[in-house]
Amino acid sequence: MVFRWGGDMRRITEARSDRALGVTFQGAQRPVAGLTFRTILATIFTLGVYRFWMTTHLRQYYWSNTYIDNDPLEYDGTGAEKLIGFCVAIVFLAPYLFFVTMAVGGFSLATLTDPVALEAAFSVSLLAVLPLIPFAQYRAERYILSRTRWRSVRFGVEKGALTYAACANLWALASLLTLGLTAPLATVSLRRFITRRIRFGDRPLDFEGGAGALYPTFLSIWGAVVAIVALIIWRISDTLVIPPSLEPDAYEFNQFLAQLIGYGPMIVLGYIAIFLLTTYYGVYRRRFIVNCMRIRASEEPGGTVRLASDLSVVGYVWALVWRTICLAVLVGGLLLALGLLMVSLARDLAPAGGARDPGQVQSILIGAIILFYLVAGVAATVLSQAMLTLPLYRRFATAIGLRNGDALEAVRQRGREASGSAEGFADAIDVGAAF
Amino acid sequence: MNTEGQIAAGAGVYLDGESARAHPVHVTLTKEALLLVEARDAGREVAVWPLATLRRIDAHGAHLRLAPDHESDARLTIREMPLAAAIRTVAPALGARAPRNAKLQRKLAVWVSAAVGSVVLIVFVIAPMLADQLAEALPPEREVALGDRLAETIAEEGVALLGISAGWCRAPEGRAALEKMTERLVQVADAHVPIRVEVLGSAAPNAFALPGGRIIILDALIRQADEPAEVAGVLAHEIGHTLARDPTRNVLRSVASGAVVSYLFGDFFGGFLLVAMVDAAVDAQYSQEAERAADRMAVRLLAASEIPIAPLAGFFRKIAQEYGDGGGYLSSHPASSERQAEIEAAARPDAPTRPILTPAEWAALQRICAD
């Protein structure tokens, strides 16, 4: 076996005497597909405004079908709160993004000439949003948890988005400088930061675990990814012929392109391998985080609840890959059928041998493209929710257990918090999840 | 134990909303309320929930989760089908929505206005202002370089977009004639950048100005013109755009605010329609003004170089007949009939004029793409 189990797995097998609360999920593919379909149509119809209610409905579905020891989670957030949060974020983001774009634009116009480079420069200015992402993520998690309950007791998260964002950005910088080697340290540091600020009722959560347990697996995967990338680069640079001038003429450029295309299969395989490796680590990491989480339900010695996940990472990744392939085939087949239908309809409608008014042809073409886009989007959204998101959620959630869960009875209620900017920043910067 | 007026009874699990501790209770359903009594502790009464405000939290499978009203944190779970069914029948407003939260509605109104206002301010006021400043500040050499690259892109990729069929039209006699016409107008123009005019082969008539003084005329316009003064009029209009730095401003304004708006709104369904509408609205409001200004400048340039103005009005009349009047709030150009009227009003029939091209030169210009 290439990958070693992390140290935390042993802790799970040790603690057998406590009563563990299990997680079950009652949600099913067909109801969620129907829900997604109805809400995405409403979203399109309202030019996107309904999406806040769509996310809320989906979240309610998932939460209320997730049972911890026969008691379901509750979600009482509203679409209105999310819309408010989004508007709050816009009021801050629009001017910020605009001025950064203008500043970069002014600078690049004074120095660059190529319109392609100019467009690239303007896109680069949108990177100004990157430092805001962890801020948005913290606030989003804070909102979602503050609207989540179990056994009538609310969750909550203390303030700390700015500190969190600062730390996250520093860690990102460190990651950049070390080619990613500090990633496990960042994971542990940041998750510990936020987990210790999470409250269940009046009791805090805690994070017990060190990066040492993550590193063995991380290094194996990191090494494999680096090896693959290096191999590909070495193979390409070994045999690639670069055109002599910086502005190649058409023939040289085509030759260059042909070579690149020749490397296609190798690059695709490399990409797939890297994708599988990084996905594996992503799931492994999430399982590790769950295993480190504690709920300090009371101060007494037996008052700590331990979360544990016995998720099979390989099983999860395999399910992800297989389901994604099925989804792609299904959506692709649907689009192909639609395309063929549209082409045959066009043939039937075209007048025999006559030339159509070009304006009419153009508008029909545009209408057809829009229809295609919409059908593709709706199909992809509905099917991915039912075939991908729900099954994977079920897999991950039902693998979680709460050891010594009875200690939770001691937890007392906390007050309802204001919604603040809800997940507005996450919605505006688009770092949200599928629901 | 039988209570009077009891409709149904059974077991349930009660959460008092103060802690996470679940209490098994005995539930009695009467016509008015649910009576909850401790199942273990010798029947101590736990709560009385009036049916009128009883609300359902959710009902999955056989479970029925209830709350006494919309505010309370307390919960009751009924897992027995008969009791759950009885409650569902008797309680009047189980699935009722929460009452409207006036405070939330006000907050919503405020923040939606703020967001819309913020975006409108940026896209319709600040972006054009800044774009104008930037365009004025841009050194001529940068403008020329930008225009050159744009011209190359158009020549290579304009086929699908504009019905451009072939590359640059560069027949020598045609180019000489075009030079002569251009020079006539440039002399009176006092441009900040060198004016260079080229012709692209195409099926549809049009002309446009790029940053840096590059002007492109689509050859169908030349072929469909009745006389040289028509082409000269269109050329004068495009020079008007160049002098006002419209092309540069256009590029800047649309890239900056377009990028921001499409980033914030464009990545979900329907969003792209919103972006397209905003784009069109901004385009329209901005360009119609610019087009009218270019028309006025064209009239001035034509008069100063002693070229007849009426043929330009005739050009717009032809356009209106061929392609419809256009105009309107979302159009990038004013109505052709309006432009025709404006120009005719400015034309002086008694103004001195000199011919622009000899008949041979005019013929050569019309054949500029034939090679």
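Predicted model: local features only at pLDDT ≥ 70, side-chain atom pairs only at ≥ 80, totals over all residues.
## The barrel in chain A

In chain A, 10 strands close into a barrel. Their order is β1-β2-β3-β4-β5-β6-β7-β8-β9-β10, and the pairing is antiparallel. Neighbouring strands of this sheet are turned by 30° against each other on average, direction ignored. What holds paired strands together in general? Strands of a sheet pair through backbone hydrogen bonds, either parallel or antiparallel.

Another helix packs on the sheet: α6 of chain A, residues 133-146. Helix α6 touches β3, β4 (148-150), β5 (153-157) and β6 (198-200) of chain A. Its direction makes about 170° with that of β5(A).

## Strand pairs, one by one

Take β2 (residues 66-68) and β3 (residues 71-75) of chain A. Two bridges join these antiparallel strands. Which residue of β3(A) is the bridge partner of A:Ile68? The partner is A:Asp71.

Now move to β4(A) and β5(A). These strands run antiparallel and are joined by two bridges. A:Arg149 has its bridge partner in β5(A), namely A:Arg154. The hairpin of β4(A) and β5(A) has two residues between the strands. There, A:Arg151 takes a positive phi near 50°.

On to β5(A) and β6(A). Three bridges link this pair, again in the antiparallel sense. A:Gly156 stands opposite A:Arg199 in β6(A).

How many of the five residues of β5(A) are buried? Five of the five are, so the strand is largely enclosed by the rest of the structure. Here, buried means under 20% relative accessible area.

Both faces of β5(A) are covered. On one side sit A:Val153, A:Phe155 and A:Val157. On the other sit A:Arg154 and A:Gly156.

## A residue in chain B

B:Glu179 is found in helix α4 of chain B, residues 172-186. Is B:Glu179 buried, exposed or partly exposed? Its relative accessible area is 45%, so B:Glu179 is partly exposed. The cut-offs explain the label: buried means under 20%, exposed means over 50%, and partly exposed lies in between.

How far apart are B:Glu179 and B:Leu83 in space? They are 94 Å apart, C-alpha to C-alpha. In sequence, 96 residues separate B:Glu179 from B:Leu83.

Conventions: Residues numbered from 1 in each chain as written. Chains lettered and ligands numbered in written order. Heavy atoms only, no water. Pairing = 2+ DSSP bridges. Helix = DSSP H or I, 4+ residues; strand = E, 2+ residues; numbered from the N terminus. Axes fitted to C-alpha atoms, helices over the stretch in contact; angles between N-to-C directions. Contact = heavy atoms within 4.5 Å. Buried < 20%, exposed > 50% of the residue type's maximum accessible area, 1.4 Å probe, protein only.
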